[in-house]
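Please take a moment with the sequence and the three-dimensional structure shown here before reading on.

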2 protein chains.
Amino acid sequence: MNVELISVGTELLLGDIVNTNTTYLSKELANIGINVFKHTTVGDNKGRLLRTFDRAFNSSDTIIVTGGLGPTDDDITKECAAEYFNRDFYLDEYSWEKIKNYVQKFNKNNVLTMNNKKQAMIPNGAIILENFCGTAPGIILEKDNKRIILMPGPPHEMKDMFIKSVKPYLEKLSDQKFISKYIRLYGIGESLLEDRIKNILDEQTNPTVAIYAKTGEVLIRVTASGNNIDYCNELLENKIKEIEDIVGEFIYLIGDEDIAESQSELQYVVAKLLIENNISLSTAESVTGGYLSSILIDNAGISNSFIEGLVCYSNQSKINSLCVKKETLEKFGNVSKETAHEMVLGLANKTKSDIAISTTGIASPVENSDKPVGLVYIGIYYREQVSVKECQFNEDRNRIRDRAAKEALNEIRKLILENI
Amino acid sequence: MNVELISVGTELLLGDIVNTNTTYLSKELANIGINVFKHTTVGDNKGRLLRTFDRAFNSSDTIIVTGGLGPTDDDITKECAAEYFNRDFYLDEYSWEKIKNYVQKFNKNNVLTMNNKKQAMIPNGAIILENFCGTAPGIILEKDNKRIILMPGPPHEMKDMFIKSVKPYLEKLSDQKFISKYIRLYGIGESLLEDRIKNILDEQTNPTVAIYAKTGEVLIRVTASGNNIDYCNELLENKIKEIEDIVGEFIYLIGDEDIAESQSELQYVVAKLLIENNISLSTAESVTGGYLSSILIDNAGISNSFIEGLVCYSNQSKINSLCVKKETLEKFGNVSKETAHEMVLGLANKTKSDIAISTTGIASPVENSDKPVGLVYIGIYYREQVSVKECQFNEDRNRIRDRAAKEALNEIRKLILENI
C-alpha cells in the first residue's frame with residue numbers, strides 16, 4: 001500500500017499552527033509497515049483540492065486527508081471527496097443525533113444551525129468513522145482498489161479516530177501484524193549507542209531497530225512483523241535481550257508505547273520507584289529552580305513520597321533555610337561541590353526524608369566567574385551519606401536545566417535500584 | 001509572488017521529526033505579504049523531487065526547498081535543482097575553506113572526505129547564501145521569472161539563513177515594506193476578545209489584525225504595509241491605540257517579536273517588574289509543584305528578587321514549613337481558601353519578602369472529594385494584607401498547572417502595577 005497524507009487548512013499555509021498530524025500519522029503508519037510517499041498541505045480551495053486528489057492517486061492507492069470537516073462553509077474536504085468519487089449525500093440519522101447531543105452538551109449558548117447538519121451528511125456507500133471527541137464523523141470511500149480516508153483536523157479527535165477505526169481498517173487490508181517496543185536509555189549518547197549496537201543495526205531485517213535522540217536521552221524502537229502475534233512477540237523479546245546484553249546498564253524503561261508528547265519517561269519511572277518502595281524524597285533546587293519538583297509532581301500518587309521541595313536560588317535562602325555556611329559560599333562559590341554538599345545535608349536534616357537531592361549550577365554566563373556555563377553539581381543524600389556529582393552540560397540555558405533535572409532523576413533511580 | 005514550500009527528507013515521511021520548518025517559513029512569509037500556496041514533503045528520491053519541482057512551477061513562481069543539502073549521498077536537493085535549471089557545478093573556494101575550518105573546529109575526530117567537498121560545489125550562476133551555523137551553503141537559482149531557493153534542513157541553520165539572506169532577497173523583489181507588532185493579553189478569552197474588537201477585525205485592510213489563542217492567553221498580531229517604514233509605523237501605532245482603548249486592561253505586553261518558542265511572555269514581564277522595582281517575592285506551591293518558580297527563574301537577574309520557593313505538595317510540608325493548622329486542613333481541606341490563606345501568611349512570616357504567593361488546587365480526580373478538578377486557590381500577600389483568588393480551570397492535568405501558574409503571575413503583575 002502506498003499512502004499520501006494530505007492536510008487541508010489555510011491556517012497551516014499561514015503558519016498559524018504546526019502540522020503535527022502528518023508526523024503522528026507517518027510514525028503510526030511506518031509502525032504498521034505502511035509506506036508514506038508524500039505529504040501535501042493545501043488550503044480550503046475546491047479546485048486545488050480536487051487536482052491534488054487526482055495527482056495523488058497517480059502514485060498512491062490510499063489517500064489520508066485531515067482537516068476541512070468542520071461545520072462552516074470553508075470546510076469542503078468531504079464535498080470534494082464525494083465529487084471525486086461521484087457520490088451523492090444522505091443524512092445519517094445516528095450522526096445527526098450525536099451532533100445534536102454534543103452541541104447541546106458542550107456549547108450551551110450555541111443554537112443548532114444548518115451548518116451542524118452538514119456534518120451529518122454522508123456520501124453514499126461511505127464507511128462512517130465515529131468521532132468520540134467531537135462532532136465531525138470520519139469517512140472512508142473506496143473504489144477500484146483506491147481509497148480515501150477523511151479525518152477531522154483537531155489532533156485529539158484525529159488520533160482517537162485513527163487508533164479506534166482507521167488503524168484496524170488498514171491492518172485488516174494486510175495479513176501482516178506489526179508490534180513495536182520502545183527501549184529508553186539514559187546516560188549514553190546517540191553516537192556511542194550506535195557504535196555499541198552497530199552489529200544489530202547493520203544486520204537488522206526483522207525486527208527493525210531504529211534509534212531516536214531525545215534531549216539528554218535516547219530511544220530505541222524495535223518493530224517485529226509476521227503472520228501472528230506470538231511469532232512477533234518472540235522475535236521482539238529475543239532482539240530486546242540482545243540489546244540488553246550490550247547496553248542494559250543504561251536502560252531505564254522498556255515499554256509498549258512511545259508517548260510522543262512526553263519527551264522523557266524518567267520522572268515517571270522515578271516516581272513509581274519512590275511510591276512503590278515507600279521512599280521519601282526532598283529537593284533543594286538552585287539551578288533547576290523548581291523544575292525537578294514540578295516534573296516529579298506531575299505523577300499522580302506522589303504526595304506521600306515527595307516531602308518537600310525548596311527553591312533556593314538566592315544565597316540568602318541557601319543560608320537561612322539550608323544552613324549553608326556563608327564562608328563556604330564566599331570561599332568556593334554558590335556553584336561548587338562544597339555548596340551542593342552543605343545544601344543537601346541541610347535539607348536532609350530539615351526534612352528527615354530518606355533521599356535528599358540538591359542542584360546548583362551555571363545556566364547562563366556570570367560576570368567575573370571563571371567557571372564555565374553548564375557546570376552543575378548534584379548533591380545526593382542517602383542514609384547519612386552524601387555524595388556530589390559534577391556534570392558539564394554543553395547546552396543552552398533551558399536545556400542545561402532540563403539536563404540537570406534528568407541527571408538528578410537518574411541518580412535517584414540508580415540509588416533506589418542499588419539499595420532495594 | 002506565489003510560493004510553494006518543499007521539504008525534503010525521508011525522516012519526515014517516517015514521522016521521526018516534526019516539520020517545524022514549513023510552519024516557521026509560512027508565518028514569516030505571511031508576515032511580509034507573501035502567499036504560500038502549498039506545502040509538499042517528499043523523500044530523498046531524484047525522480048520524485050524533479051517531478052515535484054515541475055508540478056510546483058505550474059502554479060507557483062517561487063519554490064523554497066529545505067533539506068537534502070547534507071554531505072551524504074542521500075542528499076540530492078542541490079543536484080536535482082541544478083539538473084532542473086540545467087546548470088553545471090564549480091568548486092566555490094570560499095565555501096570550501098569555510099567547510100574545512102568548520103569540520104576541523106567542531107568534528108575533531110572527523111577526517112575531511114570527498115563528501116564534505118560536495119557541499120562546496122555550486123551550480124553555475126547561483127546566488128550563494130552563507131551558512132553561519134553549519135557547513136551547507138544555501139543556493140538561489142533564477143530563470144525566466146522563476147526562482148528556486150535551497151536552504152539546509154536543520155531548523156537553526158535554516159532560520160538564521162532565512163533571516164540574514166532569504167528574507168532581504170525576497171523583500172527586494174517587492175517595493176512593499178511590512179512591519180508587525182504583537183499584543184499579548186491575559187485574562188480575556190479568544191471569543192470575548194473577538195467580540196470586543198469585532199469592528200476592528202471586520203474593517204481591517206491595512207494594517208491587518210489577527211488573533212491567536214495560546215494556553216490561557218491571547219496574542220494579537222497587527223501588520224502594516226506600505227512604501228516606507230515611517231508610514232507603516234504610523235499605521236501600526238494608530239491601530240494599536242484603537243485596540244488599547246477597547247481592551248487595554250488585559251494587555252500585558254506590546255512587542256516587536258512573536259517569540260514562537262515561548263508560549264507566554266508573562267513570566268518575563270513579571271520578572272522585569274520585580275527586578276526593576278526591587279521587589280522581593282517568595283512562593284509556596286502545592287498544585288503548581290515548583291512550576292511557577294521554575295519559569296520565573298528562567299529570567300536572568302532574578303536572584304536578588306526571588307527570595308525562596310517552597311514546594312509543599314504534602315500536608316506535612318504545609319504544616320511543618322508554613323505553620324498551616326492541622327485543623328484547617330481537616331476542616332476545609334488542603335484545597336481551600338483557608339489553606340491558601342494560611343500558606344501565604346506562613347510563607348510571608350518566614351521569608352519576609354514583599355510579595356508572597358501560594359497555590360493549592362486539584363489537578364486530577366481525587367477520591368472522596370466533592371471538589372471539582374480544576375479548582376485552584378491562589379493566596380496573595382502584600383503589605384500585611386492577604387487575599388485569596390478562587391479559579392476554576394476546565395483543562396487537563398498539565399494545563400491546570402500552567403493556567404494556575406499564569407494566573408498567579410498575572411496577580412503579581414497587577415499588584416505591582418497598582419502599587420508602584
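Predicted model: local features only at pLDDT ≥ 70, side-chain atom pairs only at ≥ 80, totals over all residues.

In chain A, the domain assignment gives domain 1 as residues 2–172, domain 2 as residues 177–255 and domain 3 as residues 266–419. Taken over C-alpha atoms, the centres of domain 1 of chain A and domain 3 of chain A are separated by 48 Å.

The same surface serves both copies, since 100% of the contact residues of chain A recur in chain B.

Turning to the contact itself, 44 residues of chain A are in contact with 44 residues of chain B. On the side of chain A that touches chain B, at least two residues each are supplied by helix H2 (20–31), strand S2 (35–42), helix H12 (291–297), strand S14 (306–311) and helix H13 (315–322) of chain A. Of these, H2(A) gives the largest share, seven residues.

In chain A, strand S10 (residues 208–214) and strand S11 (residues 217–226) pair in the antiparallel sense over seven bridges, and Val209(A) stands opposite Val222(A) in S11(A). The hairpin of S10(A) and S11(A) has two residues between the strands, and in this hairpin Gly216(A) takes a positive phi near 75°.

In chain B, an open sheet of four strands has the order S10-S11-S9-S12, with antiparallel pairing. Its edge strands are strand S10 (208–214) and strand S12 (251–255) of chain B, each of which pairs on one side only, and from one strand to the next the twist averages 20°. Inside this order, strand S9 (residues 177–186) and strand S11 (residues 217–226) of chain B run antiparallel and are joined by 10 bridges, where Tyr182(B) has Arg221(B) in S11(B) as its bridge partner.

Two single residues complete the tour. Leu12(A) has its place in helix H1 (residues 10–13) of chain A, and Leu12(A) counts as buried because 25 other C-beta atoms lie within 10 Å. Leaving aside neighbours within four places in sequence, Leu12(A) is in contact with Ser7(A), Ile17(A), Asn19(A) and Thr41(A). Computed along the sequence Leu12(A) and Val42(A) are 30 residues apart, while in space they are 8.2 Å apart, C-alpha to C-alpha.Pro71(B), by contrast, is placed in the loop between strand S3 (62–66) and helix H4 (77–84) of chain B, and Pro71(B) counts as partly exposed because 18 other C-beta atoms lie within 10 Å. Not counting residues up to four places away in sequence, Pro71(B) touches Asn115(B), Asn116(B), Lys118(B) and Gln119(B). The C-alpha atoms of Pro71(B) and Ile380(B), which are 309 residues apart along the chain, are separated by 57 Å.

Methods: Residues numbered from 1 in each chain as written. Chains lettered and ligands numbered in written order. Domains from an automatic or database assignment. Pairing = 2+ DSSP bridges. Contact = placed C-beta atoms within 7 Å. Axes fitted to C-alpha atoms, helices over the stretch in contact; angles between N-to-C directions. Buried ≥ 20, exposed ≤ 12 C-beta atoms within 10 Å, placed from the backbone.
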